[in-house]
Amino acid sequence: MKLSEFCQKLAIPFSGEEREINGLNALQEAGQNEVSFLENPKYASQLSGTNAAAVLVTEAMAQHLPEQCTPLIVDEPYIVLAKASAFFAPLRLEHDLPESIIGEGTVIEEGAFVAKGSRIGENCHIMPGAFVGNNVTIGDNTILYPNVTVYRDCKLGSDCIIHAGTVIGSDGFGFATTKLGEHVKIYQNGNVVIEDDVEIGSNTTIDRAVFKSTVIKKGVRIDNLVQVGHNCVVGEYSVLVSQVGLAGSSNLGRNVVMGGQSATAGHLSIAPFTTIAARGGVTKNVDKAGVYGGFPLMEHRLWLKLQGKLARLLKA
Amino acid sequence: MKLSEFCQKLAIPFSGEEREINGLNALQEAGQNEVSFLENPKYASQLSGTNAAAVLVTEAMAQHLPEQCTPLIVDEPYIVLAKASAFFAPLRLEHDLPESIIGEGTVIEEGAFVAKGSRIGENCHIMPGAFVGNNVTIGDNTILYPNVTVYRDCKLGSDCIIHAGTVIGSDGFGFATTKLGEHVKIYQNGNVVIEDDVEIGSNTTIDRAVFKSTVIKKGVRIDNLVQVGHNCVVGEYSVLVSQVGLAGSSNLGRNVVMGGQSATAGHLSIAPFTTIAARGGVTKNVDKAGVYGGFPLMEHRLWLKLQGKLARLLKA
Amino acid sequence: MKLSEFCQKLAIPFSGEEREINGLNALQEAGQNEVSFLENPKYASQLSGTNAAAVLVTEAMAQHLPEQCTPLIVDEPYIVLAKASAFFAPLRLEHDLPESIIGEGTVIEEGAFVAKGSRIGENCHIMPGAFVGNNVTIGDNTILYPNVTVYRDCKLGSDCIIHAGTVIGSDGFGFATTKLGEHVKIYQNGNVVIEDDVEIGSNTTIDRAVFKSTVIKKGVRIDNLVQVGHNCVVGEYSVLVSQVGLAGSSNLGRNVVMGGQSATAGHLSIAPFTTIAARGGVTKNVDKAGVYGGFPLMEHRLWLKLQGKLARLLKA
């Protein structure tokens with residue numbers, strides 16, 4: 001899409017350099033054919049370093065943009081971004097792509113659905129009721145149990161096991177809210193990347209990224225009914241026990257263990273080799289490996305000590 | 001069903017006015033062709049105002065009924081109600097209803113199942129593995145992703161997006177327990193109504209009402225793995241973050257935000273524009289808009305203060 | 001498999017009595033054609049009483065084995081057990097077993113998949129998108145709603161109702177972790193047994209046992225989005241409200257009620273007729289029936305008292 005066309009569809013006056021635009025991205029990630037946005041003045045310092053072709057900004061912020069970047073001046077950049085995200089949403093299910101390529105020994109059972117344009121390796125097993133969307137790639141020896149759904153454009157490695165009913169690549173929970181309290185969907189145009197040797201339990205949900213990828217790294221183990229929000233990164237060999245909830249953009253190092261029903265608040269990092277006890281609520285970065293628990297989160301030994309103090313308070 | 005037949009099937013002596021009975025309902029909602037019940041003497045004052053054709057009551061309560069209402073005297077009204085609920089349960093899947101009416105531009109993909117008697121609007125997309133039961137109505141432009149299940153008699157509006165694996169209209173968690181501790185199913189003969197412009201994440205569950213409807217109003221956003229119990233009403237533009245649990249008959253005003261893993265205890269109301277922080281447990285009505293958190297629920301600023309006090313207690 | 005072959009595949013020197021081995025099992029459960037293991041020296045006293053054909057042990061522990069039992073000496077018994085578990089994993093989906101036997105009046109709807117070797121009783125209803133694996137047995141009058149998945153070898157009783165999207169028999173969350181932090185899958189070669197008159201909500205997950213069975217006893221009611229871990233036993237007429245999580249090997253007596261979002265830590269027992277309030281976290285055995293709540297768990301009346309104390313602390 002031409003930048004002029006992009007502006008026209010959004011009723012933004014256009015007077016900059018014409019460019020081909022092929023997507024949206026964050027300020028620091030955007031390339032020369034992408035549009036970005038700034039809503040929160042707190043991040044204004046990121047404007048000067050962006051490589052975006054154009055940026056949706058308020059008039060007051062436009063001056064901070066580098067010379068080669070076209071300001072697209074609007075009153076509510078985040079709302080306009082949401083509207084623009086629809087332009088780049090791929091079709092949900094295309095039937096006119098090339099036939100999928102299926103490796104030797106792979107069995108696609110009756111009642112499974114593999115959409116066009118996908119590539120599945122050798123000795124995989126796609127069981128009845130499983131759905132594989134367009135342009136999905138799957139390595140070798142990977143198993144999709146019945147009624148698994150893999151949305152389009154996601155990538156699964158080799159030797160993965162995905163149990164029944166699990167959903168990979170559904171839209172992240174993204175929307176902009178108007179002053180009137182109405183929500184405008186932000187299309188989630190990224191994907192999910194699952195590396196090799198990952199096992200995921202049943203009825204778990206892993207959302208696709210808004211831009212780029214939600215990533216589950218090599219050797220991870222995820223239990224049943226776990227939620228992984230958009231743009232999370234789960235480090236190698238990490239373990240997510242049943243009913244864990246990772247809010248968007250949680251970044252877990254390798255060998256992190258999240259106990260049952262524990263959760264993160266999103267946009268935070270957890271150091272490698274950290275354990276979060278069951279029910280722990282991670283409210284900010286965990287910079288130092290250790291065992292943590294409670295909500296708000298504290299060292300687990302302190303949480304145990306606090307329970308002792310409360311027991312004494314109860315008897316007092 | 002004739003009232004005399006209703007009584008005969010339940011072995012209740014019948015000596016009132018003959019009526020046609022077409023369902024069960026709560027005392028205050030029941031109409032002239034419905035039977036109601038009173039188990040808890042606390043609600044005896046509702047008896048005199050009921051319009052029900054007949055009411056299952058204990059002998060002691062029967063005197064409070066209005067003249068035109070037939071008392072059906074039993075020892076355990078709630079158990080008998082449960083048994084009677086089975087009489088009005090519709091067939092799970094009928095094949096001899098009229099062909100469904102499918103609007104122009106709507107695509108029903110191979111592997112999707114649309115039962116008879118339904119009506120789907122224009123430009124909808126019913127993806128592989130999705131199931132639409134009998135007599136479902138769906139507006140225009142609505143999307144059901146793979147492996148979504150919509151039980152019979154539910155209604156979805158226009159411009160809705162339902163992500164993979166989500167279940168709409170499964171039976172609410174209803175049963176009567178005998179003195180011996182055995183459970184008798186209360187058939188859930190209501191439905192789910194989802195208004196326009198609602199997006200629901202993956203593997204979420206929304207139960208049908210026991211009587212009447214569970215309602216998700218216009219513009220609501222629901223994330224993944226959320227539970228909405230029977231007879232809930234979720235107000236316009238409300239937001240339910242992942243792993244929220246709404247117990248039965250929770251009534252949320254417009255623009256209520258429920259943070260991740262928060263929950264309600266059921267049979268309560270939350271004022272419009274209220275925010276419940278992540279993990280908040282709503283144990284009684286929230287009458288005043290504000291930000292609340294903790295379990296039991298308190299103002300969020302008090303919850304933060306309490307955490308400060310506990311931190312000091314820990315150091316003491 | 002011959003014991004010598006078993007050893008050869010694991011590169012363990014073999015010099016005992018040749019036996020036919022048909023599976024793995026816990027020390028106290030293993031029979032004369034099974035191999036067991038001991039990792040934790042704490043349980044060394046169980047060695048002398050085992051009936052296993054052979055036991056994976058460290059050299060230091062081998063002396064405690066009874067004479068008829070062959071020690072299989074390895075450095076890391078649990079890791080070797082994990083590797084051996086793969087030998088006994090059945091095929092995921094076999095097509096060359098005998099045709100399934102379907103009782104009179106049972107309807108298998110279009111789009112449902114019933115694998116070979118299964119036996120379904122009379123008047124059952126298997127709805128579109130439901131999957132029934134090999135060698136499953138189902139009693140009479142049982143209903144599988146759309147997109148339910150029942151893994152192979154599971155057993156369901158009569159008069160059961162399984163709501164949409166629920167998964168029965170997915171693999172328990174089992175793996176051994178190497179010193180390098182990598183995980184080796186422990187194949188879950190047991191099954192799930194669901195007795196008569198059980199109703200299970202939508203998108204719930206019940207994992208198969210690692211050895212033997214996960215058991216849901218007669219008359220149990222399970223709500224939506226509940227997790228039941230491997231080798232749990234849920235007693236007659238127990239009630240699990242939405243979003244409950246039972247960790248592996250939780251053993252609930254009859255008529256236990258677990259409130260919404262409550263959970264267990266696994267490898268523990270709960271006395272019959274116990275109620276765990278919503279959000280309660282069961283961290284150790286509950287030996288005496290009563291009402292409990294909080295996390296860590298306490299008597300519910302104490303939890304209420306504690307909240308009163310905390311309210312006063314807040315005002316101080």
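Where in chain C is the place of His163(C)? In this predicted model, His163(C) sits in a loop of chain C, with β15 (161–162) on one side and β16 (167–170) on the other. The residue is buried, because its relative accessible area is 0% and anything under 20% counts as buried. Along the chain, His163(C) and Pro146(C) are 17 residues apart, yet 7.5 Å is what separates their C-alpha atoms. Leaving aside neighbours within four places in sequence, the contacts of His163(C) come from two chains. From chain B there are Tyr151(B), Ser170(B), Asp171(B) and Lys185(B). From chain C there are Tyr145(C), Val148(C), Glu199(C), Ile200(C), Gly201(C) and Ser202(C). With Tyr151(B), the link is a polar contact from side chain to side chain, at 2.7 Å.

Two of those partners also pair up with each other. Lys185(B) and Glu199(C), both in contact with His163(C), join their side chains in a salt bridge, with N and O 2.8 Å apart. That is the 1 salt bridge found across the interface of chain B and chain C.

Now for the whole B–C interface. Here 46 residues of chain B meet 40 residues of chain C. Together the two chains bury about 3,300 Å², and carbon and sulfur atoms give 59% of that area. On the chain B side, Arg92(B), Phe173(B) and His183(B) supply 22% of the buried area, more than any other three residues. Several elements of chain B give two or more residues to this side: β16 (167–170), β18 (183–185), β21 (205–207) and α3 (300–315). The largest share, 5 residues, comes from α3(B). By class, the chain B side splits into 19 nonpolar, 19 polar and 8 charged residues.

How enclosed is α2(A) by the rest of the structure? Largely, since 7 of its 9 residues are buried. They are Pro77(A), Ile79(A), Val80(A), Leu81(A), Ala82(A), Ala84(A) and Ser85(A). These buried residues pack against α1 (3–9), β1 (23–24), β2 (34–37), β3 (54–57), β17 (175–177) and β18 (183–185) of chain A.

Back in chain B, Thr106(B) lies in the loop between β5 (101–102) and β6 (107–108). At 13% relative accessibility, Thr106(B) counts as buried. Its side chain reaches the backbone nitrogen of Cys124(B) at 2.9 Å, while a polar atom of that side chain lies 3.1 Å from the backbone nitrogen of Asn123(B). Beyond four places in sequence, Thr106(B) touches Ile120(B), Gly121(B), Glu122(B), Asn123(B) and Cys124(B).

Technical notes
Residues numbered from 1 in each chain as written. Chains lettered and ligands numbered in written order. Predicted model: local features only at pLDDT ≥ 70, side-chain atom pairs only at ≥ 80, totals over all residues. Heavy atoms only, no water. Helix = DSSP H or I, 4+ residues; strand = E, 2+ residues; numbered from the N terminus. Buried < 20%, exposed > 50% of the residue type's maximum accessible area, 1.4 Å probe, protein only. Contact = heavy atoms within 4.5 Å. Polar contact = N/O pair within 3.5 Å; in protein donor to acceptor, adjacent residues only side chain to side chain. Buried area = accessible area lost by both parts, 1.4 Å probe. Salt bridge = Lys/Arg side-chain N within 4 Å of Asp/Glu carboxyl O. Nonpolar A, V, L, I, M, F, W, Y, C, P; charged D, E, K, R; others polar.
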